[in-house]
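Here's a quick briefing to read alongside the sequence and the 3D view. Have both open as you go through the points.

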Amino acid sequence: MSGWIPPIVRTLLAGYPVPPSMIDPSYPQLIQRIGGLELTLLITLAGLLSGFALGVILLACRRNPLTGPGRDPGEQLLGQAVRGAAIAVVEGVRGLPIILLVLLVFTLPYPITGLQLPNFVLAAAAFGLYAAVFVEESARSGLRSVDPQLPAAGRVLGLTGRQIFLRIELPLVFRTMRPDLINTAVTLFKDSSTLAVVAVPELTYTGRQMMLSDPAIYGAALLAVLILYWAPATAFSAVAVRAERRRTRAEGFAVRNTMIE
Amino acid sequence: MHFGNYVFAEPYLGWLVRGILMTLLISVVSGTAAALLGLWVTRLRLTSRRGPRLAADTFVMIFRNLPLVPLLLFVTFALPRLWLQVTGRAFPIWADLYLLLAVLSADSGANFAEILRAGVLGVAPQQQEVARTMGLSAGAIRWHVVFPQAARIVAPALATRWIQNMKNSTMALVVPLPLGLLEMAGQAERIAGETFSWVQPLTAIAVVYLLLSLGSGWFLNRWASRAQARVQAGAA
């Protein structure tokens, strides 16, 4: 059926078959059997979704209402602590190289808590954290672009602070975030290659295994890996550029001088 | 020395210090090379001659969207093998350091070029017309009028990218460097290999990285906000 695809590429797309003895019955088999580009895409998606949720939570913690005026000192202190924790997470994750973040998430939980988590969960956690920082930053700059009259109108109508945040500000912010989200997806897709260092059988690891098993196909296997990363990333970057242009036009924003990584 | 703090005992402490120095060396050398490369590529992309412009555009398009880990694997495993097959001679082991520097520079260079181009497009075209009227040569316009302002306009993005380049030096983990030339992450892996635990070396280098990125971030942000202030002052 798919005989026209060269065997090297076929393995890169779906990974090496996993021997039955390696499969953990307590954990979804589908994810354990997936490898290669499929696993890379799945991890990108998982990282993006968890990062989106975590990013919104981080943003909410950062501008929590407890620090607002009219709160008693105890609440103010708690609010400041929550905000400080959110800022620490954002700055900490942003200050670490992605390989280091991956190594930390893969090697520290077990010796500290004794909890052995499946690789896929750890990968999703590492990239969820990584994406959350991008999402938080993008949403925060989006919030600054929300017309202050809209939340004010909400307040006049008697909405609570939470309702204003969830019903007025966030939906407006999500609309402006679209290009940043596409860029974040591209970044996750590319940077998930660092998972090869901790032996997650995604695209890069599969290519490396291929390279080690058969020196004759060194060049071809790695070149195929590079193309499999480059082509989708380039296509999606182009989509992001178009979305960015549309945003600039639609919202009449000044040209943003911060580039998206 | 307690048994619990082996990372701060010899020889591990020495390895870590060596790793920190290598990280600094790799990031400064590749960052500087990338900045020069980015300037040169930007200059080529903005010329009217088709050949150089196409070459520069292709360079940026290729290197902006290549992930570093597979790229480094390709450059440090497949290329030396190809070289061996073609010329019959092996790459010396230290060549991997230069290959690493070249890859990091190319990656950051392409990104610097993309950022700088946005900056150049942000400089009002009238400035070039005025400069030409005043009799400046094309080169003088580029280096004294356009590029300095362009760099100031995109200063925050350039600063972010410089720090990103420093963090990317950890990608050296997949490059087969000689033990003496390993950077921080490589030395941490070496210590983990000797002591069967990642916890201490990893925590140690994570702290160093946080200090490095927050510290250089503070300096670069100060530079960037001053540069931005000059842009605002110029526009007013």
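Chain A comes to 11 helices and 0 strands, where helices (H or I, at least four residues) and strands (E, at least two) are DSSP runs numbered from the N terminus. This is a predicted model, so to speak of local features takes pLDDT of at least 70 and side-chain atom pairs count only at pLDDT 80 or more, while totals for chains, interfaces and linings use all residues. Residues are numbered from 1 along each chain as its sequence is written, chains are lettered from A and ligands numbered from 1 in the order in which they are written, and side-chain values use heavy atoms, with hydrogens and water left out.

**Chain A overall**

- Read from the N terminus, the elements of chain A go α-α-α-α-α-α-α-α-α-α-α.
- The C-alpha trace of chain A spans about 70 × 50 × 30 Å along its principal axes.
- Of the 261 residues in chain A, 44% are buried (buried is under 20% relative accessible area, exposed over 50%, partly exposed in between, with a 1.4 Å probe and protein chains only).
- Among the contacts in chain A with a separation of 6 or more, 71% come from residues 24 or more positions apart; contact here means heavy atoms within 4.5 Å.

**Helix 3 against helix 9 in chain A**

- The axes of helix 3 (residues 36-62) and helix 9 of chain A come within 11 Å and cross at roughly 145°; axes are lines fitted to C-alpha atoms, for helices over the stretch in contact, and angles run from 0 to 180 degrees between N-to-C directions.
- Helix 3 of chain A brings residues including L37(A), G47(A), F52(A) and A60(A) to the contact, and helix 9 of chain A brings residues including F165(A), F174(A), M177(A) and F189(A).
- By class, this contact has 15 nonpolar, 4 polar and no charged residues (Ala, Val, Leu, Ile, Met, Phe, Trp, Tyr, Cys and Pro count as nonpolar, Asp, Glu, Lys and Arg as charged, and the others, Gly among them, as polar).

**E169(A)**

- E169(A) also sits in helix 9 (residues 161-191) of chain A, and it is buried, with a relative accessible area of 10%.
- Neighbours within four places in sequence aside, E169(A) is in contact with R63(A), L143(A), V146(A), P151(A) and I164(A).

- A199(A) has a positive phi of about 60° although it is not a glycine.
- You'll find A199(A) in the loop between helix 9 and helix 10 (203-213) of chain A, where it is partly exposed at 36% relative accessible area.
- In chain B, F196(B) is a residue other than glycine with a positive phi near 60°.
- F196(B) lies in the loop between helix 8 (184-195) and helix 9 (199-235) of chain B and is exposed, with a relative accessible area of 76%.

**Second largest pocket**

- The lining of the second largest pocket has 32 residues, and M22(A), Q32(A), N119(A), A199(A) and P201(A) lie nearest its centre.
- Those lining residues divide into 23 nonpolar, 8 polar and 1 charged.

**S225(B)**

- S225(B) is in helix 9 of chain B and counts as partly exposed at 43% relative accessibility.
- S225(B) and G119(B) are 106 residues apart in sequence and 15 Å apart in space, C-alpha to C-alpha.

Key: 1 Å grid on protein atoms, 1.4 Å probe; cavity = no way out; pocket = protein on both sides within 12 Å on 5 of 7 lines; lining within 4 Å.
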